[in-house]
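Thanks for making the time, everyone.

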Amino acid sequence: KAQLPHARCACETHIFVAPPGGQLRHHGTAKNKEKCATCFCYVCDKPAKECTSWAVHCDATDKGPNAAYWKIRRNEVKRGGAPAPPKQQTLAPPRPPSSSSYQPDFIPSKRYTGPRTGYSFKYTSRGMGYYKNSPSAPAPPARAPSAERKDMRDGLA
């Protein structure tokens, strides 16, 4: 049965044994150092026989509690050993706190998370979320009838 190239941790010929107790490596043993002709180093991403750090990389895996550690090592090797680039900061500087009392008309929300002052939770065609309570519009002032209307009403016109 021919095997396709695979990471050492996925080898069917030499079954991978995860280091005990969440450790990164089998210290002092050769449990995962055996390799078949198609094993690749998970960290270096080249044939295991070409890996210059096989004594350490043989325990690398993409599964289990150590997967994140080995993925970081793998990414470092891909970048030529350089550390991860710093996280990019936002282009705009942070805005100072505003003294404005601006409140949006609509705050989208996938579920009700409790009352919000000045808002009601609704589901409309615009979407589910908190809608600003609109102040009730004052009743229009009663208009005094014009002189012409008074005359018409009183039958004088």
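Reading from the N terminus, the elements of the protein chain follow the order β-β-α-α-β-β-β-α, which gives 3 helices and 5 strands, where helices (H or I, at least four residues) and strands (E, at least two) are DSSP runs numbered from the N terminus. Please keep in mind that this is a predicted model, in which local features need pLDDT of at least 70 and side-chain atom pairs count only at pLDDT 80 or more, while totals for chains, interfaces and linings use all residues. Residues are numbered from 1 along each chain as its sequence is written, and side-chain values use heavy atoms, with hydrogens and water left out.

Let me turn to the sheet. It is an open one of 3 strands in the order S3-S5-S4, with antiparallel pairing, two strands being paired if DSSP finds at least two bridges between them. Strand S3 (106-108) and strand S4 (119-124) each have a single partner strand, so one side of each has no neighbour in the sheet. Between S3 and strand S5 (residues 127-132) there are 3 bridges, and Phe 106 has Tyr 131 in S5 as its bridge partner.

Most residues other than glycine have a negative phi, yet the phi of Asp 45 is positive, near 60°. Across the 157 residues of the protein chain, 22% count as buried.

Conventions: Buried means under 20% relative accessible area, exposed over 50%, partly exposed in between (1.4 Å probe, protein chains only).
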